[in-house]
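Subject: Structure handover

Hello,

Here is the structure I promised to pass on. Please open it alongside this note, and then read on for what turned up.

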Amino acid sequence: MLRFTTCQSNPIAGVLINAHLLSRDNQVIQGSITIEDGVITANAVGHTSFAICLMYDAGKAGRLMLQTSVLPPRETPYILSLELARHRIKSFLDLSENWSLFYLSDDNPAVQRWEESRLIFTKALVCIDSEQAGAFARRALELSIEASERLTMVHAQLFLHHRYANKPASLSALGVQVNTSRFDEPIQELLNKNFGMITIPLDWSKLEPQEGKFDWGPTDRWVQWARDNRKYIVAGPLMDFSTEGAIPEWVTVHEHDYPVFRDKCYDHIQRVLQRYGGAVSFWNVCSGVNLNKHVRLSLANMVDLIRMAGLSVRQARKDSKIMIELVEPFSEFVSVISESCDPRVFLARLSQEGVRLDALGVQMLVGGAGGKSTRDLMLLSSKLDEYLHIDIPVIISGLGAPSVIISERNGWWKSQWDETCQEQWATSMFAICLSKPFVNSVIWTDLYDHKQMILPTAAFISRKGKPRAVLNKMLSMRRRLLKPLGALELPKKG
């Protein structure tokens, strides 16, 4: 059991938001977390030492998901803000080593912020008054987050220039998902001029709203348009387990009778392949199946379903490529859904079973509900680094942040979400993603706002048809990458 005290001066003291526990290897573990009279009590199943992660207001750094180090149990409660700051200060050193950035000079802004946070953290350690110690710790936390984000951007710029110093990025470096509900000329012109790759969703519940009754029209016209204009198409997911209602109810009623459920999925996949197989060569066959949230399947059945879908796609067209999509990479769902599977464990199982993938899709969405709580740039970059050794390319299948606050419980980055904050976040994340040598493409979550959005208000174009600032910024960065970047010019000392 671990206990933490919270300071009443913190805006969310006394409130637990999205709290969960982590083991020594940063895997989410099951346990109980309660709060009473400002004291957080946490118990983990099968673990005596563990870390806690929760939404915390870090001042100018934002309202973010932050974690402590792995801590042993003790009688005296830990001070939450102190342990959050301790972990972040340590993370800066760990990343400096992992990213080989120990050579940064003392006058580098990242190092300066870190040193300042370390000095203030020392004051918090020796302070007798608990409220004053908490105030020092929160200031140290704020500065250490800024330091780690600056370090993250230094790393991103170095590796981005290393990757594209002598060659341009591909035309598919930036893509966007296009909801099929609209098909007007301005949208087509924007896509044709600026994007080489588009994602066309295949919502089973819309394609077949009733068993045996189909509505192919909206999807037909977009697939035909993309083919005529020589756009690279990523179609899918064929089976979307991450969104409630995406798989029709007349299919999900058979979730406990797997052979029947599998047969219905197979029939659906065959119909889609028969219709679009000639135009599409890249398929997202499955999204979010490891969540086990809306459809409950055993791990063995999850693997079998992906194998079946992959074989079906390759039999229909030999040059087809397949991917699956991870929708909540930080795995918070593991703490509340006992039958769910951590992404790393799930990918390892697929590899052991011989299921071959051509790419892995990873969603990086912040500011929303359901595993999309806001995290800082360092955590997002570090999470991507975990996919370095999977030996297949990674596609950021959904990158996005809202342009307004959806809910304060979802947090924000630096300041409350608006179009300026969205633009700054997107600029940083686009550079971070493409600085990873294993990331082939980045797909923005939506082209325009619509009712079925995963992340409301995150699209390039608002409901009123007005382009948001993030659109021009992303297109500007894409145009810059169409030419070699050359060597990175470092600022002169002094």
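Phe4 stands opposite Tyr78 in strand S8. This is a predicted model, in which local features need pLDDT of at least 70, side-chain atom pairs count only at pLDDT 80 or more, and totals for chains, interfaces and linings use all residues. Residues are numbered from 1 along each chain as its sequence is written, and side-chain values use heavy atoms, with hydrogens and water left out.

Strands first. Strands (E, at least two residues) and helices (H or I, at least four) are DSSP runs, numbered from the N terminus. Two strands pair if DSSP finds at least two bridges between them. S1 (residues 2-5) pairs with S8 (residues 78-79) in the parallel sense, over two bridges. S1 also runs antiparallel to S5 (residues 39-44), joined by four bridges. There, Thr5 has Val39 as its bridge partner. One face of S1 is covered, with Leu2 and Phe4; Arg3 and Thr5 are on the uncovered face.

Next, the cores. A nonpolar core is a set of buried Ala, Val, Leu, Ile, Met, Phe, Trp, Tyr and Cys residues joined through side-chain atoms within 4.5 Å. Buried means under 20% relative accessible area, exposed over 50%, and partly exposed in between (1.4 Å probe, protein chains only). The largest core has 143 residues, and Trp283 and Trp425 have the most contacts inside it. Helix H3 (residues 130-164) gives this core its largest share, 11 residues. A second, separate core has 12 residues, including Ile17, Cys53, Leu291 and Phe333.

What does Trp283 touch, leaving aside its neighbours within four places in sequence? Its contacts (heavy atoms within 4.5 Å) include Leu202, Ala235, Tyr276, Val313 and Met323.

Now the cysteines. The structure holds zero disulfides; the test is a pair of cysteine sulfur atoms within 2.5 Å. Cys421 is in no disulfide, and the nearest cysteine sulfur, that of Cys433, is 16 Å away. Cys421 is buried, at 3% relative accessible area. Cys127 counts as partly exposed because its relative accessibility is 22%.

Last, Ser428. This residue lies in helix H12 (residues 419-435). Is Ser428 buried or exposed? Ser428 is buried, with a relative accessible area of 13%. Setting aside neighbours within four places in sequence, Ser428 is in contact with Met153, Leu377 and Trp413. Ser428 and Leu365 are 63 residues apart in sequence and 14 Å apart in space, C-alpha to C-alpha.

Best wishes
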